[in-house]
Amino acid sequence: MPDAYAGYLPLPPDALEDTLAKTEAPGFFLVEGLGPLAVVGRAHIGRILWAHGAGAGHQSSFMQRMINGLAAQGLQVFAIDFPYMQQINQQGKRRPPPPVAHTVAHFTAWYRLLAPLAASPLWVGGKSMGGRIATMLASQQACPGVIAAGYPFHPPKAPEKRRLSHWPDIHCPVLVLQGERDPFGTREEVIGYPLTPQTRLDWLTDGDHDFKPRRASGLKHEFLIDEAASLAASFVRAHGTPSGM
């Protein structure tokens, strides 16, 4: 099968800072010990480490639209694939994510590598599972803020199994971008959840877990993703633009 990461430049972690400083266009790297890294956009309002959902990596159509939308709004996006997704992309065989602690550890390793590479704050975020992983990192260490696109508040058809036990330990701003019809947490369900005062919920009209609206709504899927990217950038901008930008 084709190499999913063909064209990604192999790089040791300690060479990343100099390489990024010299790179004007988006960069695609295979960082030793961590995996693929797509760097898109310039940090006019900030930077964000962006993680994928359980079923598709950073090269999926949703992720590409969201990543490019965030970059167009002035965020520099660092998009990654978790190790199990790297295996899926390279072997062509589906596999479930590992225990969540392993994924959080991998995400944390990326954060600790990337955060010191520039003066602008490094936010965290992601799609579905990736957003959950980002909130878990934020519950364990200080970070500027979190953007979660389609947060999996509970498994579909199991609203009693809430994934919020770590939420009280999050002390930074959190933006949740949620489709109104998301089976992982509809508007009617989530409105009553005890989220932190720093959490903001923005709803995508008639959107499902991927922000896809029903045809009868008259709305376009790609426009809702673009709207989500715009809302995310506005939230980052509202919580401080890096000095000198």
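Predicted model: local features only at pLDDT ≥ 70, side-chain atom pairs only at ≥ 80, totals over all residues.
User: Is lysine 157 buried or exposed?
Analyst: Let's compare its value with the cut-off. A residue counts as exposed when its relative accessible area is over 50%. Lysine 157 has a relative accessible area of 85%, so the residue is exposed.

User: What is the phi of lysine 157?
Analyst: Most residues other than glycine have a negative phi. Lysine 157 is a residue other than glycine with a positive value, and its phi is near 65°.

User: Aspartate 206 also has a positive phi; is aspartate 206 buried or exposed?
Analyst: Aspartate 206 is found in the loop between strand 9 (199-204) and helix 7, and its phi is near 65°. Aspartate 206 has 10%, so the residue is buried.

User: How many aromatic pairs are there?
Analyst: Two rings pair if their centres lie within 6.5 Å. By this rule, the count of aromatic pairs is nine.

User: Why is the pair of tryptophan 123 and phenylalanine 235 edge-to-face?
Analyst: The ring centres of tryptophan 123 and phenylalanine 235 are 5.9 Å apart, and pairing asks for centres within 6.5 Å. Planes over 60 degrees apart count as edge-to-face. The planes of these two rings are at 85°, so the pair is edge-to-face.

User: How many residues apart are tryptophan 123 and phenylalanine 235?
Analyst: Tryptophan 123 sits in strand 6 (residues 122-127), while phenylalanine 235 sits in helix 7 (residues 221-238). Tryptophan 123 is buried at 3% relative accessibility, and phenylalanine 235 is buried at 5%. Their pair links distant parts of the chain, and the two residues are 112 residues apart.

User: What is the distance, centre to centre, between tyrosine 151 and tryptophan 167?
Analyst: Tyrosine 151 and tryptophan 167 are both in the loop between strand 7 and strand 8, 16 residues apart. Tyrosine 151 is buried at 0% relative accessibility, and tryptophan 167 is buried at 1%. Their rings form an edge-to-face pair with 85° between the planes, and the distance centre to centre is 5.0 Å.

Terms used
Residues numbered from 1 in each chain as written. Heavy atoms only, no water. Phe/Tyr/Trp six-rings, centres within 6.5 Å; stacked < 30°, edge-to-face > 60°. Helix = DSSP H or I, 4+ residues; strand = E, 2+ residues; numbered from the N terminus. Buried < 20%, exposed > 50% of the residue type's maximum accessible area, 1.4 Å probe, protein only.
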